[in-house]
Amino acid sequence: MHGVDGQRPIDFDRNSHFDLESGCHGGSNRTDTDFTTSRTRKVSPFEDFSGNPPMLTSYVPKSPGTSQNGMDSDPKDVLRKHINWQSDSKKVDPSDEQQATTLQTTAEKPDLSKEGSVITVNEPIVVDGGVFDGKGATYTASSKLGDGGQSETQSPLFILRNGATLKNVNLGENGADGIHVYGGATLENVNWQNVGEDALTVKSAGDVTILGGSAKGATDKIFQINADTHFYLKDFVADGFTTLVRTNGGKQIDADVTIDGGAFSNGSNVFRTDSSLASVTFLSDITLDKVKNWTRVGDNQSGV
């Protein structure tokens, strides 16, 4: 197996052309049911899409604070090496170590004072450039928005515009068409209890950051990218999907996707695209359980 740079984006074959479906749907293929057993990766080493993908073994990228045998050293040594790596001339101040420990233990806890409340949404909630904190409440779509099936005529529960932030929100049993994003957004601790047509769709260009959260019950895609974006997904948990992150079928979209950690189970593809402009980077520990492919690029698949 070839070595892999854990920080290097995966470069797809820019000369390939694919004759696949167009439109918003993700081209679900429910015949792919031969899932593999669970395993954990640091990154996805799949440089070569030709032929059968090789059996993969765990790969630990070299980084400051990692010993030659891949095992983490003492935590204080890790911090000391990290500081020295950033600036060789900077002396380590013991207070730096104490400050790092304090930051880890004093992280702000979310306000979940409305947890257990269920709010029925009759028309999309628009958040334009501000912050919407659901405080743990559950928002579920009424029949006016859709039935949570695969019809593409459904409306979203939330519309996020111009860098808006949505946090501490649960989307209920009727997910309709989830969340639409125009001009970028940040999501923190957003959970989809039963994904409808899609969980989230990038509708116009802009950076999207998703921190934590979860989704389950997706018949097809979870995240749909229909416009140019830097899409960053960190420590997300998903159970049940055909594709976790999908660019619009048959379209050339400039999508720079980073999947940083997370746990994904019972699916076909972590990332799928038909675009020669799209790329994906896998960082940190990613746990896969019964997921068939790391990526599908056109009809080329990188098996787990």
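Modeller: Let us begin with aromatic pairs: rings of Phe, Tyr and Trp (its six-membered ring) pair if their centres lie within 6.5 Å, and planes under 30 degrees apart count as stacked, over 60 as edge-to-face and the rest as tilted. This is a predicted model, in which local features need pLDDT of at least 70 and side-chain atom pairs count only at pLDDT 80 or more, while totals for chains, interfaces and linings use all residues. Residues are numbered from 1 along each chain as its sequence is written, and side-chain values use heavy atoms, with hydrogens and water left out.

Colleague: Which residues form one aromatic cluster?

Modeller: The cluster consists of Trp-192, Phe-223, Phe-231 and Phe-236.

Colleague: How many aromatic pairs does the structure hold, and how is a pair described?

Modeller: A pair of aromatic rings is described by the distance of the centres and the angle of the planes. The structure holds 8 aromatic pairs. In one of them, Phe-132 and Tyr-139 have ring centres 5.8 Å apart and planes at 70 degrees, so the pair is edge-to-face. Likewise, the rings of Phe-223 and Phe-236 are edge-to-face, because their planes stand at 65 degrees, with the centres 5.2 Å apart. This pair links distant parts of the chain: Phe-223 belongs to strand S13 (residues 221-225), and Phe-236 to the loop between strand S14 (229-234) and strand S15 (237-247), 13 residues apart. Strands here are DSSP runs (E, at least two residues), numbered from the N terminus.

Colleague: Are Phe-223 and Phe-236 buried or exposed?

Modeller: Buried means under 20% relative accessible area, exposed over 50%, and partly exposed in between (1.4 Å probe, protein chains only). Both Phe-223 and Phe-236 are buried. In the other pair, Tyr-139 is buried at 7%, whereas Phe-132 is partly exposed at 21%.

Colleague: Where does the charged end of Arg-161 sit?

Modeller: A charge sits over a ring if NZ of Lys or CZ of Arg is within 6 Å of the ring centre and within 35 degrees of the ring normal. The charged end of Arg-161 is placed over the ring of Tyr-182, 4.7 Å from its centre.

Colleague: What is the phi of Asn-162, and where does Asn-162 lie?

Modeller: Although Asn-162 is not a glycine, its phi is positive, at about 55 degrees. Asn-162 lies in the loop between strand S6 (158-161) and strand S7 (164-171), and is exposed, with a relative accessible area of 53%.

Key. Helices (H or I, at least four residues) and strands (E, at least two) are DSSP runs, numbered from the N terminus.
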